[in-house]
Amino acid sequence: MKEIRLGTIGSGMIVHSILDAVRVTEGIICGAVYSRTLEKGQELAEQYEASKVYVNLEEMLADEDINFVYVASPNLLHYEQTKAALLAGKNVICEKPFCTRAKQARELVDLAKERRLFLVDAVPTAFLPNFEILKQKLSEIGKIKLVLSNYSQYSSRYDLLKKGEIPNVFHPAFAGGCLQDINYYNVYLNVALFGKPREFVYFPNRYKSLVDTSGVLVMQYDGFVSQSAGAKDTWGVNSVQVEGEEGYIYIKDGSNGLAEIQVVTKEKEEVFNCQENSNRWFYEVQNMTKMILEDDHAQNDRNLEVMMEVIEVLESARKEAGILFPGDEETA
């Protein structure tokens with residue numbers, strides 16, 4: 001493949017962030033946008049110089065000029081839209097959370113492999129240069145005992161929720177909630193570093209029996225425990241701290257961007273940062289494009305294995321906490 005020609009689904013903030021990075025990355029362009037409304041689609045297309053606007057998804061999926069579809073729609077639509085794109089012969093980049101159920105994720109991965117298509121999990125963490133530094137430095141702090149993660153970002157939509165509206169990000173019909181959004185990054189970083197936890201339990205704050213607006217996921221690994229706190233109804237200092245017998249690693253700004261890696265031991269203190277660009281999506285798009293154009297399925301397969309374990313944890317944890325989405329009864 002010489003060039004990635006994207007057709008986008010969605011028009012939210014994260015789509016703009018991705019397309020801003022696409023603009024400055026060689027080998028990838030935005031060729032078309034799909035929106036339920038022509039006005040929104042035209043606005044996005046004009047901003048990012050896409051030549052085509054679709055209000056019918058099937059028509060975009062039939063466009064032979066588009067070889068990749070970027071899925072950034074509400075959470076509950078990821079599965080059906082990704083599947084439709086794969087069946088249409090398109091490679092897919094899917095936003096987090098990839099799916100709401102592990103069975104769906106496995107089906108999509110198998111379908112992509114069967115059709116020899118790329119299916120990319122669009123979580124920035126795996127593509128960040130500082131992630132590689134973090135993995136290399138873990139051994140310097142000795143036997144790990146505690147992992148403490150916090151990602152809190154007050155949502156303006158929480159104000160709407162308190163006024164009686166139910167925005168998509170807090171609506172069970174759209175697979176909303178904090179664990180599927182903010183806290184996802186914490187869980188992903190843990191699984192990417194340490195694998196799937198042996199046990200886990202989620203303690204959510206719920207608004208009027210709807211989905212979680214904040215919460216803490218506790219994960220038990222062999223030899224250590226990890227706590228992941230996430231919130232869309234508060235704000236605070238975002239960080240991750242990995243504590244070992246010989247020292248600790250402090251991650252500035254938390255699991256979402258890995259802005260800086262501080263390694264402290266009894267002998268020394270060092271700070272590492274290979275991310276001169278503060279926009280994490282810049283590195284995601286740059287390195288994801290490189291992986292695809294180099295046809296590196298091995299790296300992509302490793303990322304998909306992490307994704308599937310993350311989905312297994314999230315699905316089980318939220319169900320045990322009583323947070324149910326449409327279709328959950330199929331796997332009950």
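The structure holds 10 aromatic pairs. Keep in mind that this is a predicted model.

**Aromatic pairs**

- A pair of aromatic rings is described by how far apart the centres are and by the angle of the planes.
- Is Phe224 buried or exposed? Phe224 has a relative accessible area of 10%, and since anything under 20% counts as buried, Phe224 is buried.
- Phe282 and Tyr283 also form an edge-to-face pair, with 5.1 Å centre to centre and 80 degrees between the planes.
- Tyr283 has a relative accessibility of 9%, so Tyr283 counts as buried too.

- Which residues form one aromatic cluster? They are Tyr154, Tyr158, Phe170, Tyr207 and Trp235.
- Trp281 has a charge over its ring: the charged end of Arg280 sits there, 3.9 Å from the ring centre.

**Helix α1**

- Helix α1 covers residues 13-23, and its buried residues are Ile14, Val15, Ser17, Ile18, Leu19, Ala21 and Val22.
- What do the buried residues of α1 pack against? On the strand side of the list you'll find β1 (4-9), β2 (28-34), β4 (68-71) and β5 (91-95). The helices they pack against are α2 (38-48) and α9 (280-293).

**The largest pocket**

- Rolling a probe the size of a water molecule over the atoms shows where empty space is left.
- The largest pocket has a volume of about 1,300 Å³.
- Its lining is made of 42 residues, and Gly12, Ala72, Ser73, Arg157 and Val169 lie nearest the centre.
- Helices α1, α2, α4 (78-87), α7 (156-162), α8 and α9 each supply at least two residues of this lining.
- By type, the lining of the largest pocket splits into 17 nonpolar, 17 polar and 8 charged residues.

**The second largest pocket**

- The second largest pocket comes in at about 270 Å³ in volume.
- It is lined by 14 residues, with Asp253, Gly257, Ala259, Ser278 and Arg280 nearest its centre. Remember Arg280, whose charged end sits over the ring of Trp281.
- How does the lining of the second largest pocket divide? It has 2 nonpolar, 10 polar and 2 charged residues.

How values were computed: Residues are numbered from 1 along each chain as its sequence is written. This is a predicted model: local features need pLDDT of at least 70, side-chain atom pairs count only at pLDDT 80 or more; totals for chains, interfaces and linings use all residues. Side-chain values use heavy atoms; hydrogens and water are left out. Rings of Phe, Tyr and Trp (its six-membered ring) pair if their centres lie within 6.5 Å; planes under 30 degrees apart count as stacked, over 60 as edge-to-face and the rest as tilted. Buried means under 20% relative accessible area, exposed over 50%, partly exposed in between (1.4 Å probe, protein chains only). A charge sits over a ring if NZ of Lys or CZ of Arg is within 6 Å of the ring centre and within 35 degrees of the ring normal. Helices (H or I, at least four residues) and strands (E, at least two) are DSSP runs, numbered from the N terminus. Contact means heavy atoms within 4.5 Å. On a 1 Å grid over the protein atoms alone, a cavity is a set of points where a 1.4 Å probe fits but cannot get out, and a pocket is an open set with protein on both sides within 12 Å along at least five of seven lines; lining residues have an atom within 4 Å of a point. Grid points are joined across faces, edges and corners, and a volume is the space filled by probe spheres set on the points. Ala, Val, Leu, Ile, Met, Phe, Trp, Tyr, Cys and Pro count as nonpolar, Asp, Glu, Lys and Arg as charged, and the others, Gly among them, as polar.
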